[in-house]
Amino acid sequence: MRRTGDGREVSVRDLATAAGVHPSKIGHLRSGTRRTASGREADAISRRLGVDLLVLWAPSGRTTPDPDPDPDTERRLVGAAA
């Protein structure tokens, strides 16, 4: 995980700290064992990696844009099987 949007090196622990989750959750997301995270976690991971939220995550649960998005809405990793 050396290639981030801002060029900084990032570790599993860095991402876990940024997202406020246990490092094992990041490990499960990386391996594909887990495919979703809360909106807050997804946003924090994307910000730490220096990439736009929608590069990594797709909203799940709504088919239309929400004018007042809930930060706790679950997000699915882009490209992850349903």
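## S46 in helix α3

S46 lies in helix α3, which covers residues 39-49. In this predicted model, S46 has a relative accessibility of 1% and counts as buried, because the cut-off for a buried residue is under 20%.

The side chain of S46 makes a polar contact with the side chain of W57, at 3.2 Å. Leaving aside neighbours within four places in sequence, the residues in contact with S46 are V51, D52, L53, L56 and W57.

## W57 and its surroundings

W57 belongs to strand β2, which spans residues 57-59. Beyond residues up to four places away in sequence, W57 touches L29, A37, A42, I45, S46, R75, R76, L77 and V78. Among these, R75, R76 and L77 fall in strand β3, residues 75-77. A37 falls in β1, residues 36-37.

## The sheet

The three strands form an open sheet in the order β1-β3-β2, with antiparallel pairing. The edge strands are β1 and β2, and each of them pairs on one side only.

Three bridges join β2 and β3 in the antiparallel sense. A58 has R76 as its bridge partner in β3.

In soluble globular proteins, nonpolar side chains tend to be buried together. The largest nonpolar core of this chain has 14 residues, and the members that touch the most others are L15, I26, L29, I45 and W57. Helices α1 (12-19), α2 (23-31) and α3 are the elements that give two or more residues to this core. The largest share, four residues, comes from α3.

Which residues of α2 are buried? They are K25, I26 and L29. Seen down the axis of α2, these buried residues fall within an arc of 100 degrees, so they line one face of the helix. They pack against α1, β1, α3, β2 and β3.

On the other side of α2, R30 and S31 are exposed. Just after this helix comes G32, which takes a positive phi of about 90 degrees.

A19 is part of helix α1. Is A19 buried or exposed? A19 is buried, because its relative accessible area is 13% and the cut-off for buried is under 20%.

Not counting residues up to four places away in sequence, A19 touches E41, A44 and I45. The C-alpha atoms of A19 and R48 are separated by 8.5 Å, although the two residues are 29 residues apart along the chain. I45, a contact of A19, is also touched by W57 and is one of the core residues that touch the most other members.

## The chain as a whole

The chain has four helices and three strands. From the N terminus on, these elements run α-α-β-α-α-β-β.

The chain has 82 residues, of which 28% count as buried. Of the contacts with a separation of 6 or more, 45% are between residues 24 or more positions apart.

Note on methods:
Residues numbered from 1 in each chain as written. Predicted model: local features only at pLDDT ≥ 70, side-chain atom pairs only at ≥ 80, totals over all residues. Heavy atoms only, no water. Buried < 20%, exposed > 50% of the residue type's maximum accessible area, 1.4 Å probe, protein only. Contact = heavy atoms within 4.5 Å. Polar contact = N/O pair within 3.5 Å; in protein donor to acceptor, adjacent residues only side chain to side chain. Pairing = 2+ DSSP bridges. Core = buried A, V, L, I, M, F, W, Y, C linked by side-chain atoms within 4.5 Å. Arc of directions from axis to C-beta.
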